[in-house]
Amino acid sequence: MVHIYHGNGKGKTTAAVGAAVRAAGHNIPVVFCQFLKDGMSGEISILEKIPGILVLFPEHFYGWTSNMTPEELAATRKDCDEMFGKAIRTMTMILQNQPKALKAFEERRKKSGIITREEHRPDIVALFVFDEILDAVNKELLDQDMLARFLLQLPEYVEVILTGRNPDITILSMADYVTNMVKDRHPYDDGIKARVGVEK
């Protein structure tokens, strides 16, 4: 299924990180891709330490896209394409190896005397988080049609989370969960920049 966390309110990435941790806690492989960020947010260092989570972020970071030169925009576009392609290739490998991995996981649990009740067995085989991908699409740094094709061809039991602002109706219509983070109040409106440990 497809989740979309969008809007101007705080909490989109935070919700996606929580979903990634929950899935990893059930031994579900997670690919966490962050677009248009520098890889220095606090969640990245923790996610990279959790077994079963692969974190991807751009090779280059030039700040706000509105301040980028044409060369910097081209490099950012290349990074976005490469990250998205790597995520899809990783999905293929995960799906190929998942039956074997799940069997090994169950065998380890049985040897430890742990029996997984049916209601606690995972309902998905992989989670893919594309943080800020909606902004990358809006700024034409990633092709929307390519994203739409990916979602249309999504294998069964693979979960995908998209975050960002202003999703196109085409992408919205493909989502099973849509959460709009509405901003009622935010310190940024008073000139307070993103704070380390809170927003980054």
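What covers the buried residues of helix α1 includes β1, β2, α2 (42–47), β3, β4 and β5. Contact here means heavy atoms within 4.5 Å, and buried means under 20% relative accessible area, exposed over 50% and partly exposed in between, with a 1.4 Å probe and protein chains only. Helices (H or I, at least four residues) and strands (E, at least two) are DSSP runs, numbered from the N terminus.

This is a predicted model, in which local features need pLDDT of at least 70 and side-chain atom pairs count only at pLDDT 80 or more, while totals for chains, interfaces and linings use all residues. Residues are numbered from 1 along each chain as its sequence is written, and side-chain values use heavy atoms, with hydrogens and water left out.

Which residues of α1 are buried? They are Lys12, Thr13, Ala16, Val17, Ala20, Ala23 and Ala24. Seen down the axis of α1, these buried residues fall within an arc of 130°, so they line one face of the helix; the arc is that of the directions from the helix axis to the C-beta atoms. On the other side of α1, Thr14, Arg22 and Gly25 are exposed. After α1 comes Asn27, with a positive phi near 65°.

Now the sheet. Six strands form an open sheet with parallel pairing, in the order β3-β2-β4-β5-β1-β6. Two strands pair if DSSP finds at least two bridges between them. The edge strands, β3 (53–56) and β6 (177–180), each pair on one side only. Strand β1 (residues 2–6) pairs with β6 over four bridges, in the parallel sense. One detail of β6 is that Asn180 is the bridge partner of His6. Helix α5 (residues 144–152) packs on the sheet and touches β1, β4 and β5; its direction makes about 150° with that of β5. Axes are lines fitted to C-alpha atoms, for helices over the stretch in contact, and angles run from 0 to 180 degrees between N-to-C directions.

Last, the cores. A nonpolar core is a set of buried Ala, Val, Leu, Ile, Met, Phe, Trp, Tyr and Cys residues joined through side-chain atoms within 4.5 Å. The largest has 34 residues, and Phe35, Phe130 and Leu162 have the most contacts inside it. Its largest share, six residues, comes from α3. Leaving aside neighbours within four places in sequence, Leu162 contacts residues including Val2, Ile4, Phe130 and Leu147. A second, separate core of 18 residues includes Ile28, Phe32, Ile44 and Val129.
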